[in-house]
There are 2 protein chains.
Amino acid sequence: MYEILKTVESPKDIKRLTVNELRLLAEDIREGLFNRLTKIGGHFGPNFGIVEITIALHYVFNSPEDKFVFDVSHQCYPHKMLTGRKKEFIIDEFLGTISGYTDPAESDHDIFKIGHTSTSVALANGLVKARDILGGKENIIAVIGDGSLSGGEALEALNVAGSELNSNLIIIANDNEQSISETHGGLYKSLKELRDTKGTAQNNIFKSFGLDYIYEENGNDIASLISLFKRVKDIKHPIVLHIKTQKGKGYKLAEENKEAWHWTPPFDKETGEKKSGSQKEDYTAVAKDIIMKKAKSDPDFLVITPNMPMSFGLGIKEREILGKQFVDVGIAEEQAIALASGAAKRGAKPLVLTNMTFMQRSYDQISHDLCLNSNPAVILLNACSPNSVRDATHSGIFGIPMLSNIPNLLLLCPTSKNELSDMLLSAIDYKESPVAILMPSNAVDYRESSFSFDKIGSFVTEQKGEKVALIGIGDFFERAALLSKLIEKTFGFKPTVINPRYASHIDGELLTKTAKTHKMILTFESGATDGGFGQKIASHLGGLDVIVKNYGLGKKFYDRYSLEQVFKEEKSDFDSIINFIKNNI
Amino acid sequence: MYEILKTVESPKDIKRLTVNELRLLAEDIREGLFNRLTKIGGHFGPNFGIVEITIALHYVFNSPEDKFVFDVSHQCYPHKMLTGRKKEFIIDEFLGTISGYTDPAESDHDIFKIGHTSTSVALANGLVKARDILGGKENIIAVIGDGSLSGGEALEALNVAGSELNSNLIIIANDNEQSISETHGGLYKSLKELRDTKGTAQNNIFKSFGLDYIYEENGNDIASLISLFKRVKDIKHPIVLHIKTQKGKGYKLAEENKEAWHWTPPFDKETGEKKSGSQKEDYTAVAKDIIMKKAKSDPDFLVITPNMPMSFGLGIKEREILGKQFVDVGIAEEQAIALASGAAKRGAKPLVLTNMTFMQRSYDQISHDLCLNSNPAVILLNACSPNSVRDATHSGIFGIPMLSNIPNLLLLCPTSKNELSDMLLSAIDYKESPVAILMPSNAVDYRESSFSFDKIGSFVTEQKGEKVALIGIGDFFERAALLSKLIEKTFGFKPTVINPRYASHIDGELLTKTAKTHKMILTFESGATDGGFGQKIASHLGGLDVIVKNYGLGKKFYDRYSLEQVFKEEKSDFDSIINFIKNNI
């Protein structure tokens with residue numbers, strides 16, 4: 001096992017191999033992928049599909065002088081195996097030690113640390129422009145696929161590459177006929193026509209952006225790819241290589257069900273059975289249930305997603321049931337929000353679904369297209385908390401700073417099943433302004449609690465106490481509640497515990513009253529504190545004689561962290577907080 | 001004068017007119033445009049070019065049932081004149097009473113309040129989707145032109161319109177061969193081929209997005225346009241009408257120099273001479289001078305702009321001098337930042353130039369493409385302060401909340417000519433991290449001051465005083481300095497005045513020391529306080545016995561305001577502040 005792969009320490013070692021040996025290397029790489037993915041999960045389809053392209057790239061070009069920029073970079077596993085990081089795939093004890101995305105801190109062969117889509121050509125254009133003014137000669141290669149072409153940043157970049165650069169740039173459009181879910185958008189019809197005509201169809205989208213173009217239908221054949229890459233190496237102008245590949249190549253189940261195998265948790269290779277975690281209800285399931293019921297009872301309700309239906313469990317079956325009340329705009333976050341604003345203006349009740357991290361693509365659309373117009377659309381965001389995704393490339397911890405400072409937007413943070421349900425249903429029917437809701441990521445809290453828009457911005461005192469008031473928002477309401485018990489045990493008094501519910505507003509009256517009756521107010525937010533929720537409270541109370549301390553995460557790109565370790569670094573672990581109270585009470 | 005226009009109170013009145021009368025109406029509208037533009041300035045070229053399209057639209061369709069969505073909406077003047085707002089063009093006393101952009105608060109004929117580019121098709125897609133699920137029958141028409149097609153949001157939207165909508169949508173691509181400056185991007189080469197072949201060229205960009213298409217070359221001929229619009233009225237699928245028009249049509253100077261006449265200050269109609277304001281040096285001229293000198297002395301320096309060179313006075317001559325050290329990516333803010341990140345990674349020294357408001361399009365690119373990678377690019381932003389642009393659609397007051405909470409980014413606010421120069425030159429050569437600089441908009445301050453990166457995040461005490469410390473950032477440093485004099489006069493003591501220089505950092509040591517030696521700390525920031533700079537200080541000092549008060553603007557979309565009035569509303573006028581000090585000292 002891994003006989004050829006074992007001989008490859010760096011890309012140089014590949015160049016000595018015969019085509020037959022390269023084919024065996026492809027088999028070894030797939031074995032390595034299986035080893036990692038069955039045990040710790042990760043992106044399956046994109047990596048199995050790109051094995052041959054990666055081998056041929058490293059065979060023909062000279063990384064890291066020649067530069068590969070992988071879009072999203074979720075398809076970089078074979079590249080990592082060929083650039084000094086094979087043990088992280090084939091030796092179990094090292095599986096968790098590297099990221100699933102490119103990272104210059106890991107290797108000079110990785111040019112950028114990325115995880116969002118549609119950036120590769122845009123970043124490569126910068127490498128090209130700088131190379132040209134600095135007098136460099138290397139090849140620059142952008143690899144884009146899996147639906148990333150529909151994102152605005154990618155389309156802007158193709159347009160620029162097609163006219164503002166007149167030097168070497170090789171864009172590999174890895175066409176596996178699939179996005180995360182199925183592809184959406186007219187350009188994918190064009191790609192199909194190009195595949196069907198072996199690249200000769202009229203209305204070539206790449207040529208309409210001014211780019212040169214070659215079609216290659218044997219995208220999983222190493223010999224064909226080597227020949228193609230040799231043909232364009234050192235080319236003096238930008239060119240698109242439209243290469244047809246098979247997503248999930250080498251594993252029948254994945255070839256047949258591309259959406260289910262885009263990303264996978266650990267699984268059994270023989271049966272394909274996925275080892276999912278706990279069977280307990282989570283907040284995502286709660287939200288999905290509400291969405292499906294609302295759609296059935298209200299024909300004006302419209303679900304919109306930028307290719308992330310699965311983040312809320314909306315599989316093929318659910319999408320069919322939703323029918324015309326569902327629109328997947330493809331990877332196109334700007335369009336998702338603008339579409340919601342337009343639909344709300346016209347009287348529908350739109351709900352946008354995606355993960356917080358991807359909404360960073362829509363800051364201006366949320367601010368101008370939506371909130372400046374105060375159109376009543378709802379945005380429901382998953383993975384908003386440091387409890388959920390822990391890759392810096394997909395972190396949701398900047399949600400409150402990004403969204404809570406935009407005028408006209410109500411930003412809600414449910415802390416229980418009842419609150420989530422009340423907030424989501426009230427928001428969908430609310431007509432006064434747009435609403436964004438940050439999904440909790442901790443275990444479902446079934447306590448009695450309710451929510452309505454009767455008094456915008458009102459906080460709820462969930463426990464009346466003395467001396468110390470704890471205000472915990474989002475996932476960290478639970479933290480405030482836990483700390484309350486510890487304070488009672490340590491100091492013998494019961495602190496006040498407040499659930500603010502709104503991250504966009506402060507309850508001035510309640511805060512002033514609390515400040516006057518308590519010695520200190522501690523805030524806890526499940527995200528970065530800078531620009532966030534607690535700082536608004538500190539500012540509001542800046543003139544009063546009360547100690548205010550904001551706990552949360554720092555202004556940092558935390559990557560693959562232990563949350564307990566982060567708390568210690570930020571001095572927001574319970575020991576540090578108890579000490580702070582002791583010293584200041 | 002205005003004989004036909006006087007008979008038009010609403011679009012209904014147009015439908016009675018003969019084609020000849022419609023042509024006279026076009027002349028009246030141009031007279032109205034001249035009256036407004038010569039006296040108060042505004043967008044010239046876009047409005048003069050679209051007169052005939054607007055008349056024909058209102059003749060054939062029935063606004064507001066049929067819905068027109070204007071991209072940017074800077075070309076909506078003729079539309080406003082035909083929908084009950086002609087006196088705001090032809091009667092001088094009403095010139096300043098309406099916005100230069102569409103605004104639903106002004107008229108039901110205006111569907112959205114917008115000012116940024118590339119939104120029209122994206123918003124129209126939402127109107128279409130909602131109309132279809134609600135069972136409506138109206139026509140929905142998006143009007144896009146002037147370079148907006150290269151923006152990611154527009155391209156995402158064309159892609160969605162080309163496959164996810166199968167009902168009425170009419171997209172007018174108003175092709176006047178020009179953006180704000182010249183167009184950039186391969187798609188404009190395609191548009192030229194389409195113009196040259198009367199729409200029959202291969203590689204039709206619209207068709208590659210899956211859209212139906214008609215070319216019309218007589219875009220300033222009312223009869224041709226009426227015939228075209230009648231042909232597509234009530235069409236059952238999305239279609240692009242590619243219409244060739246002449247930007248600035250009807251004024252020779254504007255037809256000949258499109259860039260200079262895209263927008264104009266008040267001018268003399270006979271001579272074309274523009275009535276610019278003061279001849280004194282402003283900060284834009286200071287920055288331009290630095291940029292041109294740096295480019296001459298440093299071949300690694302690269303200027304990048306998303307079609308906003310003129311915001312920094314980089315006219316055709318300057319762009320020619322910059323040569324290969326200059327790249328205009330067209331209207332494509334995401335690409336601008338990604339290109340800068342890539343160029344910095346490859347060793348160039350990139351500087352991105354635009355206005356703050358447009359950087360809202362690049363929140364994710366600044367965070368991920370640039371700052372997560374910590375590539376040392378510089379972003380220099382104009383119109384960041386409430387002193388500059390006062391349209392809600394172009395306001396820069398959210399710059400500090402948006403940028404100061406992104407990790408790894410140094411956010412600088414110069415307050416004098418010397419500081420701007422030191423900051424810009426140091427930032428361009430700085431290698432440790434990306435830097436953003438918010439340009440001041442007040443009168444140039446020539447006081448002695450200097451800046452270097454020796455001590456990141458250090459504030460400077462510009463006046464040592466007692467009792468009250470004033471921290472003024474950006475344009476509002478001047479406000480703090482003025483207030484200092486008033487305090488001295490009113491209370492007889494000299495307050496401390498601090499220039500923080502960094503909006504992204506706090507100088508903890510200096511702040512703690514100041515808190516211990518002063519009774520109160522007042523912060524002043526030239527933007528919205530929520531999520532901004534002062535709140536970081538309030539949070540940092542929340543545990544100390546000092547009064548902290550954050551002054552600035554509220555979390556609101558201020559529109560065409562008097563700044564003094566805003567100060568009064570926010571209780572941050574000098575009277576209110578003096579009172580606050582009196583009551584709390």
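Let's start with Arg501(B), which sits in the loop between strand E16 (496-499) and helix H20 (508-517) of chain B. Its phi is near 65°, a positive value in a residue other than glycine. Keep in mind that we are looking at a predicted model. Is Arg501(B) buried or exposed? Its relative accessibility is 6%, and buried means under 20%, so Arg501(B) counts as buried.

You will find Ala383(B) in the loop between strand E11 (378-382) and helix H17 (399-403) of chain B. Its phi is positive, about 55°, although Ala383(B) is not a glycine. With 9% relative accessibility, Ala383(B) counts as buried.

While we are on backbone angles, here is a peptide bond to find on your screen. In chain B, Ser63(B) and Pro64(B) are linked by a cis peptide bond, with omega near 5°. Pro64(B) belongs to the loop between helix H3 (51-60) and strand E2 (67-70) of chain B. Now turn to chain A: the bond joining Ser63(A) and Pro64(A) is cis, with omega about 5°. There, Pro64(A) lies in the loop between helix H3 (51-60) and strand E2 (67-70) of chain A.

Let's step back and take in chain A as a whole. How many helices and strands does the secondary structure of chain A come to? There are 23 helices and 18 strands. For 585 residues, a compact globule would have a radius of gyration near 25 Å, and chain A, with 26 Å, agrees with that.

If you take the contacts in chain A with a separation of 6 or more, 77% of them are between residues 24 or more positions apart. As for charge, chain A has 69 positive and 76 negative charges, and their mean positions are 1 Å apart.

The buried residues include Glu334(B), Gln335(B), Ala338(B) and Ser341(B). After H14(B) comes Gly347(B), with a positive phi near 105°.

Let's zoom in on Ala338(B), which is found in helix H14 of chain B. Its relative accessibility is 0%, so Ala338(B) counts as buried. Which residues does Ala338(B) touch, not counting those up to four places away in sequence? They are Ala122(A), Leu123(A), Glu153(A) and Asp369(B). Notice the chain letters there: the list has residues of chain A and of chain B. By contrast, look at Thr284(B): it is 54 residues from Ala338(B) along the chain, and their C-alpha atoms are separated by 24 Å.

One more helix, quickly: H8 of chain A, residues 186-196. Its buried residues include Leu187(A), Tyr188(A), Leu191(A) and Arg195(A). Just after H8(A), Lys198(A) takes a positive phi of about 50°.

I'll finish with Tyr430(A), in the loop between helix H18 (417-429) and strand E13 (435-438) of chain A. At 16% relative accessibility, Tyr430(A) counts as buried, since the cut-off is under 20%. Setting aside neighbours within four places in sequence, Tyr430(A) is in contact with Pro376(A), Leu410(A), Val435(A), Phe453(A) and Ile456(A). Trp261(A) is 169 residues from Tyr430(A) in sequence and 38 Å from it in space, C-alpha to C-alpha.

Key
Residues are numbered from 1 along each chain as its sequence is written. Chains are lettered from A and ligands numbered from 1 in the order in which they are written. This is a predicted model: local features need pLDDT of at least 70, side-chain atom pairs count only at pLDDT 80 or more; totals for chains, interfaces and linings use all residues. Side-chain values use heavy atoms; hydrogens and water are left out. Helices (H or I, at least four residues) and strands (E, at least two) are DSSP runs, numbered from the N terminus. The radius of gyration is taken over C-alpha atoms; the globule rule is 2.2 Å times the number of residues to the power 0.38. Contact means heavy atoms within 4.5 Å. Lys and Arg count as positive and Asp and Glu as negative; His and the chain ends are not counted. The place of a charge is taken as NZ of Lys, CZ of Arg, CG of Asp or CD of Glu. Buried means under 20% relative accessible area, exposed over 50%, partly exposed in between (1.4 Å probe, protein chains only).
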